[in-house]
Amino acid sequence: MLTRRNFMFSVAAMAGTGSALACPAPASVGSAHSVLMLNAACGDPDTPNVFEPAILRIKPGDSVTFVPTDAGHNSASKRGMIPNGADAWNGAMDTNLTVEFPIPGIYGHICLPHYEWGMVGLIVVGNDLSNLHSVKKVRHPGSARKVFRSLLKELEA
């Protein structure tokens, strides 16, 4: 879906220097943030299907818009990987989705069609890692297991 925001990300992607295209940058303006859904990692075409950034730190009450910069993606919360009392979400394919995060903690999210391939991400609200133990207990298929493990180690560092 071509929206003004997606158009701006496309223009930003084409504004690279030299022969290489620049990666679109996720936007953060005040309490509004963006997570891009990409077919390949910026600067690494051998890493397919990623969220950019893979880990996003925000304040309680901030919102995140998941932007399908490339087609074929969505964002959905991962059962067992959101704080108690938080609302789950499941965005439509190829559609911007804005989610508000009023409850501090770790939120795991996935792209449903590419979950097994490792298209996963984390949102940390309020630098609160209090649900880390329960998040780490969730089991994942395929490459998602390795990617989530790596992201969680990065949180603990």
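Q: Why is R139 called exposed?
A: The relative accessible area of R139 is 76%. Exposed means over 50%, buried means under 20%, and partly exposed lies in between (1.4 Å probe, protein chains only). R139 is therefore exposed. R139 sits in the loop between α2 (132–137) and α3 (142–156).

Q: What kind of model is this, and how are its residues numbered?
A: This is a predicted model, in which local features need pLDDT of at least 70, side-chain atom pairs count only at pLDDT 80 or more, and totals for chains, interfaces and linings use all residues. Residues are numbered from 1 along each chain as its sequence is written, and side-chain values use heavy atoms, with hydrogens and water left out.

Q: Which helices and strands does the chain contain?
A: The chain has 3 helices and 9 strands. Helices (H or I, at least four residues) and strands (E, at least two) are DSSP runs, numbered from the N terminus. Read from that end, the order is α-β-β-β-β-β-β-β-β-β-α-α.

Q: Which residues form the positive surface patch?
A: R139, R145, R149 and K153 form the positive surface patch. Patch residues have over 30% relative accessible area and no salt bridge; like charges are joined within 9 Å, and nonpolar side chains (Val, Leu, Ile, Met, Phe, Trp, Tyr) within 5 Å. Lys and Arg count as positive and Asp and Glu as negative, while His and the chain ends are not counted. The place of a charge is NZ of Lys, CZ of Arg, CG of Asp or CD of Glu.

Q: What makes the pair E156 and K136 a salt bridge?
A: The N to O distance between their side chains is 3.0 Å. A salt bridge requires a side-chain nitrogen of Lys or Arg within 4 Å of a carboxyl oxygen of Asp or Glu, so the pair qualifies. E156 belongs to helix α3 and K136 to helix α2, so the pair ties together parts that are 20 residues apart in sequence. The count by this rule comes to 1 salt bridge.

Q: Why are E156 and K136 called partly exposed?
A: E156 has a relative accessibility of 43%, and K136 has 44%. Each value falls between the two cut-offs for buried and exposed, so both residues count as partly exposed.

Q: How do you know whether H73 is buried or exposed?
A: The relative accessible area of H73 is 0%, so H73 is buried. H73 is placed in the loop between β5 (63–67) and β6 (76–77). Leaving aside neighbours within four places in sequence, its contacts (heavy atoms within 4.5 Å) include M37, N49, C111 and M119.

Q: How do you know whether M119 is buried or exposed?
A: M119 has 0% relative accessibility and therefore counts as buried. The loop between β8 and β9 (120–125) holds M119. Among its contacts beyond four places in sequence are H73, I110 and H114.

Q: Why is I110 called buried?
A: I110 has 4% relative accessibility, and therefore it counts as buried. I110 is found in strand β8 (residues 105–110). Its C-alpha atom is separated by 9.5 Å from that of H73.

Q: How many of the residues in the chain are buried?
A: Buried residues make up 43% of the 157 residues.

Definitions and conventions: Areas by Shrake-Rupley, 256 points an atom, 1.4 Å probe, with all protein chains shown as cover.
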